[in-house]
Protein chains: 2
Amino acid sequence: VENTAKILLDLFLIFAAAKVAGEIFNRLKQPVVVGEILAGMLIGPSLLGWIGHSSFLDIFAELGVIFLLFTVGLQTDLTEMVRVGKHALAVAVGGVTLPFILGYALMAALNRPLVESLFVATALVATSVGITARVLADLGKLQTRAARVILGAAVVDDILGMIVLAVVIGISRGKFSLLSTLLVAIEAIAFTAFVVVLGRKAIGTFSHKIPKLHMPQPAFALGLALCLGLSAAASYIGLAAIIGAFLAGLVLAEATEATRLRQNMEPIYEFLVPIFFVITGSRMDLPKLFTPPIISLTLLVVLVAVIGKFLGCGAAAFRLGRHDATAVGVGMIPRGEVGIVVAMVGLSRGVISGDLFSVVISMSILTTLMTPPLLRLLLARRPLVV
Amino acid sequence: VENTAKILLDLFLIFAAAKVAGEIFNRLKQPVVVGEILAGMLIGPSLLGWIGHSSFLDIFAELGVIFLLFTVGLQTDLTEMVRVGKHALAVAVGGVTLPFILGYALMAALNRPLVESLFVATALVATSVGITARVLADLGKLQTRAARVILGAAVVDDILGMIVLAVVIGISRGKFSLLSTLLVAIEAIAFTAFVVVLGRKAIGTFSHKIPKLHMPQPAFALGLALCLGLSAAASYIGLAAIIGAFLAGLVLAEATEATRLRQNMEPIYEFLVPIFFVITGSRMDLPKLFTPPIISLTLLVVLVAVIGKFLGCGAAAFRLGRHDATAVGVGMIPRGEVGIVVAMVGLSRGVISGDLFSVVISMSILTTLMTPPLLRLLLARRPLVV
């Protein structure tokens, strides 16, 4: 019983801290996710010590990130992805490949273990396009060609990032060999393909029957069940639970009831996702983060993250002309949520050390904070091609 | 990590079972809560054994019941309560007193321990008026005098039930004496009065400022924070967490944003509340329940539950005339969720034994199932006074 009281108090403190931070960061027009992580750093063991470590909180963080990725999947339009065409595809592939190679090379040069290096490289892969989309929308630039390429590339990018993560998790489970990597890659791709192909078929066949069910909010009930079920399935076959959640969202994004499902997910999102980010922030080892070696390492990782995306995406977009290609390169820089999620997966599996975890979170925060001013500066000088 | 996979699988199985049961019971026009409990009995250790006992599931059940009582509070209109007048108040008091006394007397006669007897008596106190309201609405009788008395009495009844529960929990913590009971009663009433008076004042002062906040869905965020905060506070002072949640809902029901808050709570409710009832069902000890002594005990408790409410409420409503008073007596019979919640509180505190827990759940199910046909039969013979 005392246990229950403690967990309720923890949940209250975490949720309240997240909302206060959200209010402040909304007023400052800064990304709320950064506020939530800072709130976690504040109430976590490094500073105030109001919340500690507990396996119960881990479960709530896990559910938070599952619903985060489910929502990301729900907002990913596979049909749109096919349509955005070769520019977006090239930008996505360039923006996944170069940061991964540079990130891995940096870690290897620092003599970090293989699996840890792979996790850091993976955290550099996926763009969190929400920040960029917000800035472009604020400037009224969402209808430009560069914006469409950025948004399309970010979708492909999410899917590629999830596959890379699945492969890296697979490698982290066993001894590394070319054969085992190949097998894991096949497993990850097979799971993805199986769920997407079968899921789209099932949605196509049964989607119109959902509103005829007698339970309240049938689309929401089926969506949540699919999300939990695929998360559990992904966990059991050794992938990350979030990969199952993401695929569940991806499949359901095609359903006729998708809009209502997205609306119904909002309160669940507002309840559990901030809990994930606050707990993430509370895991940061601040005294260690502010030591010279870790500060240097952070700066190096940020440099690799920025250069990797900027060059990888910018070069792939060269046909758009120098100015538009530059905008695409800058717009793809923020790592935000996805980089953080990868770091948390690595930390909870014990394959990424506490200091490197803090470095990756800092990288996500810094790339997210730097993009809006850079993008505004760039677009103030010259408009984009519509 | 394996732990996470197991918990996700458990949550998936529980949620899916709840929704399948909900679909079936909706089609059969039977109370969904009964379906969810039966689903829990089916997948629990007594039958299929798909889910077992885990402290993680306990926390989800606890959150489910917290949001259940928060929602009940949100739907309780204190102003309306003051207005329904003396009939409803008399019915509520009669319907709380007689079942409590009869329930306690029965348990004492069977030589059950004091605290256990008090818990069973408390489980007989609160009417779950949802079933009755549904039947009256289906028959187009919600605008009758008897219906208004039933609905008004059920509101007062909830509040009295929560206070009785708080006192009984207080008694269960220490040695029983008249003085300690008095102190506990004062603590429970003081907590309730403090929250309600201060809360209504705060809502009156700040309610119009809520929509001006910059966070998304501010009413929902504040509501959830208040619910978690008061639940934790109630736990820490030794009351049940649900009492805090109920009071949080009660206070927020007065806010101008209450309608939106209720809407936003729906997905959280649909996600977590069924989990509570499935887990409750999974705790039923079926092999033991179907032994002659326990069957007899169940029948006795159901008898006391029905007679206590019927006579207690019916007698208090005698001024409405015999027919209307009978309808009020029948309408107040179902115990539903609230009786189940009391039984779970007792079980989780270790003061109510497994067999008596199963008996109380059965009582809740049976009184809930018997009311609709009884009420329809009664109203088919003669209409109520409008």
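How many aromatic pairs does the count come to over all chains?

Mentor: The count comes to eight aromatic pairs over all chains, where rings of Phe, Tyr and Trp (its six-membered ring) pair if their centres lie within 6.5 Å, with planes under 30 degrees apart counted as stacked, over 60 as edge-to-face and the rest as tilted. This is a predicted model, in which local features need pLDDT of at least 70 and side-chain atom pairs pLDDT 80 or more, while totals for chains, interfaces and linings use all residues. Residues are numbered from 1 along each chain, chains are lettered from A and ligands numbered from 1 as written, and side-chain values use heavy atoms, without hydrogens and water.

Consider A:Phe67 and B:Phe271: their ring centres are 5.7 Å apart and their planes stand at 85°, so this pair is edge-to-face. A:Phe67 belongs to helix H3 of chain A, whereas B:Phe271 belongs to helix H12 (residues 258–282) of chain B, so the pair joins two chains; helices here are DSSP runs (H or I, at least four residues), numbered from the N terminus. A:Phe67 is buried (under 20% relative accessible area), its own value being 0%. B:Phe271 counts as buried as well, at 2%.

A further pair is found in chain B, between B:Phe276 and B:Phe277. Their ring centres lie 5.0 Å apart and their planes meet at 65°, so this pair too is edge-to-face. B:Phe276 is buried, with a relative accessible area of 1%, and B:Phe277 is buried at 2%.

Finally, ring pairs link A:Phe15, A:Phe271 and B:Phe67 into a cluster.

How values were computed. Buried < 20%, exposed > 50% of the residue type's maximum accessible area, 1.4 Å probe, protein only.
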